[in-house]
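I opened the model today to look up two things.

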Amino acid sequence: MAVPITEPNPGEYRSALRAPDDFDEHWARTLADADAFTLDASFTPAWRRTIEVHDVTFTGFGGHPVKAWLALPAGTTEPLPCVVEFPGYGGGRGLAHECLLYAAAGYAHLRMDVRGQGSGWSHGDTPDPVGTGPQHPGFMTRGVLDPDTHYYRRVITDAVRAVAAARTFPLVDASRVAVTGESQGGGLALAVGALAPDLAAVAPDVPFLCDHRRGAELATAGPYREVAAYLAVHRDHEEQVFRTLSYSDGVLFAERATAPALFSVAHMDASCPPSTVYAAYHRYTGPKRIEVYPFNGHEGGEAVQDAARLGFLDEVFTR
């Protein structure tokens, strides 16, 4: 079992991270390159009870096909608000009947697959066909010596395109789309909050991908340890690695996002040290609040946070 983080007063932490000079240009160029490929979103009925689920394919980074599920109440005739969700690290979109919470609450729900993952704790169907150089096992250091080749450049682009794909479905109200996720999914939600236009809300739970250097220094479990392990071997790559990682850092995306946000943080989180979550929270420029779980680890608030998030979404979708 991982040793819990015991940071004194993590909510007082402020990150010193600053964006590379070409941060905004990097993402404008990346998304423009992706837009050269037709989105080509398809929705095939896959499962139906009181909720119906569609098997989704859309074109992501590099023209690569990305999978997702879209669930909504069966018999829907009018466009619904939509929640776009991104899985945690190692997970995929799961099976068609697994993630029905938001549809049961009356929303449309698109759950994106994460390329190359989906074999850690839930099922995935999307490959990552891009090769890279040497890496520590996992995904964090895949292509980490160059922002253009880093794994999360591809995943973040897929996530932005997932919102665009959801908006093409006739029963989704394109003006009322929120993004959410736990851990890795929370980090992706922050990135999309900065990069996708006109979102209704952003709801990152115990987000990963925030203040990478501090995460690598403090985490006693989870994927930040991959960065530390890589640098323990590649001792001369420290500056280069953290520069590349800054292009996927939720702290920098947070200061570019303006939609209403609900964060959550767990003060005994060994995988995403709470100060890294607060680093992004303090930089977030839109209306925001945070749910705090002082005695929880990376599981965070679980069903309690689900209820808080649903209440938050009800608020933003009815404004």
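My entries on helix packing and ring pairs follow.

I am working with a predicted model, where local features need pLDDT of at least 70, side-chain atom pairs count only at pLDDT 80 or more, and totals for chains, interfaces and linings use all residues. Residues are numbered from 1 along each chain as its sequence is written, and side-chain values use heavy atoms, without hydrogens and water.

**Helix packing**

I looked up α6 (residues 224-233) and α7 (residues 238-246): they pack at about 155 degrees, axes 10 Å apart. That makes α6 roughly antiparallel to α7 (over 145 degrees). Helices here are DSSP runs of H or I, at least four residues. Axes are fitted to C-alpha atoms over the stretch in contact, and angles run from 0 to 180 degrees between N-to-C directions.

I listed the contact (heavy atoms within 4.5 Å): V227, Y230 and L231 of α6 meet E238, V241, F242 and L245 of α7.

I noted V241, F242, T244, L245 and S246 of α7 as buried (under 20% relative accessible area, 1.4 Å probe, protein chains only). The buried residues of α7 pack against α1 (23-35), α5 (212-218), α6 and α8 (250-254).

**Ring pairs**

I found 12 aromatic pairs (ring centres within 6.5 Å; stacked under 30 degrees, edge-to-face over 60). F23 and Y247 are stacked, because their centres lie 6.1 Å apart and their planes at 15 degrees. F23 sits in α1 and Y247 in the loop between α7 and α8, 224 residues apart. Both F23 and Y247 are buried.

Y151 and Y152 are edge-to-face, with centres 5.0 Å apart and planes at 80 degrees. Ring pairs link Y151 and Y152 into a cluster with Y89, F139, F208 and Y224.

How values were computed. Helices (H or I, at least four residues) and strands (E, at least two) are DSSP runs, numbered from the N terminus. Angles under 35 degrees count as roughly parallel, over 145 as roughly antiparallel, 65 to 115 as roughly perpendicular and the rest as oblique. Buried means under 20% relative accessible area, exposed over 50%, partly exposed in between (1.4 Å probe, protein chains only). Rings of Phe, Tyr and Trp (its six-membered ring) pair if their centres lie within 6.5 Å; planes under 30 degrees apart count as stacked, over 60 as edge-to-face and the rest as tilted.
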